[in-house]
Amino acid sequence: MEKQEIRVFNQKELENIVQAFGEPRFKAKQIYEWIWQKGILDFELMTNISKKLREGLKEAYTFNVFTSSHIQESSDGTIKTGWKLQDKSMIESVIIPLPDENRYTLCVSSQVGCSLNCTFCATGKLKLKRNLTDFEIVEQFIQGNKKSNEAYGHNLTNIVYMGMGEPLLNYENVIQSVDKLTNPNGFGYSTRRVTISTSGIIKGIEKLIEDKIKVNLALSLHAPDDEKRTHIMPINKSNKIADLIDVLTRYYDQSKSKISFEYILFKDFNDTTDDARNLVKLTRRFPVKVNIIEYNYVEGVPYTKATEDRINSFAKQLVDNGVMTTVRRSRGKDIDAACGQLANKFR
Ligand code: SAH
Ligand code: SF4
């Protein structure tokens, strides 16, 4: 019989498992902590568990640990790792170190590929193969944290769901993974250190409100009106900007979490003073920061990045209108680790 991956079980289910081995229920909590707090993926190392239980677990269960298929380091310190999953799917995660700010951010993938076909995105050019499970998301964190310690001598401080895939179209697994990262019995991160980036799935944001989730949200807006946005992001046909603003207002009221708009500036497409004026209008309902992102070259995409002058005057127009704005220079460009470039070329 093939051994089953143990990390698909939550704490309650682990209790049933240990009881079936004739052991007391609290053993499940200890196992849970070994896995989700300490990142130990070997039953032998779980020293407060009886030998009998360890042996029993080892016979029936396993940890399908990722193998890394390639690791690339950028000249700016960014590290991209490609992971080969059990079914041979490939995903990538990226560590972005900012030592000056004491910030070590891991960018995780939530799906293998993506179904949404944003015209500017390399991941969108792949079809969706499947959702990642919650432990496959957390495993990126466990492995990333190891790597971060080796490379920079520092634990990861922030986790962003900005790798491959649309996190809110893999809602259950993403939220389970957030729980494991933020649960005090798990890794115990503050939800303020977790950011979900979404192309704008209204149903998913409604679910976040219903479930009282409090992570930071980044909306990949990229255009300030429906006509332009639909042109580059087909998902906008069914998730219109005004409705997104409404649901984000409710999300803010519930969570008081940080919300940001991601805005890639494309030359002569969304970089005019009119565009900036329309964008300003979308920032009045809740506190929001606009992140202007440099467009990263993706093969076959009919856009180019806005000129340096335009980027600066666009940002200035936002700031002059009282909008908190940052211009994010891309990191890891030389290794295709920048946003939107994650698309396992090595397939
Ligand atoms: N699907 C989610 C999260 C993954 S994409 C989302 O769309 O938000 C992560 C971020 O990278 C998004 O803001 C996305 O719009 C951006 N991105 C995609 N392609 C890009 C490119 N070529 N250059 C710069 N950013 C890009
Ligand atoms: Fe998918 Fe996000 Fe890329 Fe759009 S930008 S195709 S939603 S990964």
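Lys258 sits in the loop that runs between helix H8 (241-255) and strand E12 (259-265), where helices (H or I, at least four residues) and strands (E, at least two) are DSSP runs numbered from the N terminus. Lys258 is exposed, with a relative accessible area of 62%; here buried means under 20% relative accessible area, exposed over 50%, and partly exposed in between (1.4 Å probe, protein chains only).

## Basis of the model

This is a predicted model, in which local features need pLDDT of at least 70 and side-chain atom pairs count only at pLDDT 80 or more, while totals for chains, interfaces and linings use all residues. Residues are numbered from 1 along each chain as its sequence is written, and side-chain values use heavy atoms, with hydrogens and water left out.

## Salt bridges

The count of salt bridges comes to 23, each being a side-chain nitrogen of Lys or Arg within 4 Å of a carboxyl oxygen of Asp or Glu. In one of them, Asp134 pairs with Lys180, with the closest N and O atoms 2.6 Å apart. This pair links distant parts of the chain, since Asp134 belongs to helix H4 (residues 134-152) and Lys180 to helix H5 (residues 171-182), 46 residues apart, and both Asp134 and Lys180 are buried.

Another salt bridge joins Asp275 and Lys228 (2.8 Å, N to O). Asp275 lies in helix H9 (residues 273-281) and Lys228 in helix H7 (residues 226-232), so this pair ties together parts that are 47 residues apart in sequence. Asp275 is buried at 2% relative accessible area, whereas Lys228 is partly exposed at 22%.

Conventions:
Chains are lettered from A and ligands numbered from 1 in the order in which they are written.
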